[in-house]
Amino acid sequence: MSEIVGLVAMSHSPFATLLPPGGQSAPGGRFLADAARVGQAVTRLAPDAVVVVGPDHFHANFYDVMPPFVLGVEEVLGFGDFGSRSGPLPVATELAWSMRDQLADAGFDLSLSYSLTVDHGVAQSYDMVTDVPLVPLVVNTAAPPLPSMARCVELGEALGKAIRGADFAGRVLVVASGGLSHWLPSNDPRDLAVQGERREAMIHGRRDVREFAAAREPRVRAMGGNPNAQVNARWDQWFLDRLREGDLTSIVALGDHGLEAKAGTGGHEIRSWLIGQAAVAEPLVWTSYEPVPEWITGMGIGTTFEVT
């Protein structure tokens, strides 16, 4: 039997590794300082394994096959996008298989990967807090049709039971990685605004994923300092308050359209947070939020949570 020893829920951002702040007083500096503090707290918790819930940003999953949830059970490779971890990551295979079996018994037919590629949506938050063996659970938050927020809560509840009942005698940390409010271009091939090479890459990017990524990264870098980028700090605080109160129902009640209206298309990444908190099944007890200046792009560098 395993023990869940805590939850860390935090934002990720290409700019945390691509254009890191020069110091704590620079935009993003306070967030990274708090992330380091959480990393020290995780060291004191001494987990034996970590379950990381996070998204993929068209580096492993494309519209040739777009699963709602993917569980890595054997080999996990960091893609290395935007300066994040590249190459093999240690995997808690025994825990992964036990989780898979119990989640299947609970009615969750997750896609399975013996060789899973993860991008900064998983690797960045993992690297910020720990280096123990991981089990990655990739959630589709970028590409409609999305798993409903209600289904994500149900998965989180089942995930918590699966970890606690796993044939793995150890201490398990849950990490939820996802941005808060931010507005992104449409990722829906049905959208008439998504055309040409971009649409082709979203569907067939697997054919040459490195070429696709190399063409994309300069466009993302150019977003740094975009005065038209948008975040909704007031909504972010509302969301954090709901998690402090353990109130997932109010968040789920927004639905996808309500969520997009308040938090943008990038706000769908809160699905990782919903899964993480539902798994731990306790209100969050510590928060840090760094308001992003208007002249900084929607970096998602707002929030770090810790439950012990």
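Visitor: How many cavities of 30 Å³ or more does the structure hold?
Guide: The structure holds three cavities of 30 Å³ or more. A cavity is a set of points, on a 1 Å grid over the protein atoms alone, where a 1.4 Å probe fits but cannot get out. This is a predicted model, in which local features need pLDDT of at least 70, side-chain atom pairs count only at pLDDT 80 or more, and totals for chains, interfaces and linings use all residues. Residues are numbered from 1 along each chain as its sequence is written, and side-chain values use heavy atoms, with hydrogens and water left out.

Visitor: How much space lies in the largest cavity?
Guide: The largest cavity has about 60 Å³ of space, where a volume is the space filled by probe spheres set on grid points joined across faces, edges and corners.

Visitor: Which residues line the largest cavity?
Guide: Its lining (residues with an atom within 4 Å of a point) includes Asp56, Phe58, Asn61, Met66 and Val138. By class, six lining residues are nonpolar, three polar and one charged. Ala, Val, Leu, Ile, Met, Phe, Trp, Tyr, Cys and Pro count as nonpolar, Asp, Glu, Lys and Arg as charged, and the others, Gly among them, as polar.

Visitor: And the second largest pocket: which helix gives the most to its lining?
Guide: Helix 6 gives the most, with five residues. Helix 6 (196–204) and helix 7 (209–222) each supply at least two residues of that lining. A pocket is an open set of points with protein on both sides within 12 Å along at least five of seven lines, and this one holds about 310 Å³ of space. Its lining has seven charged, three nonpolar and two polar residues.

Visitor: Changing topic, which residues of helix 3 are buried?
Guide: They are Leu95, Ala96, Ser98, Met99 and Leu103. Buried means under 20% relative accessible area, with a 1.4 Å probe and protein chains only. Helices (H or I, at least four residues) and strands (E, at least two) are DSSP runs, numbered from the N terminus.

Visitor: What covers those residues?
Guide: The cover includes strand 2 (49–54), strand 3 (69–79) and helix 5 (149–164). Helix 3 is followed by Gly107, whose phi is positive, near 95°.

Visitor: Why is strand 1 described as largely enclosed?
Guide: Seven of the eight residues of strand 1 (residues 3–10) are buried, so the rest of the structure largely encloses this strand.

Visitor: How many bridges join strand 1 to strand 7?
Guide: Seven bridges join these parallel strands; strands pair if DSSP finds at least two bridges between them. Met10 has Ser177 of strand 7 as its bridge partner.

How values were computed: Buried < 20%, exposed > 50% of the residue type's maximum accessible area, 1.4 Å probe, protein only. Contact = heavy atoms within 4.5 Å.
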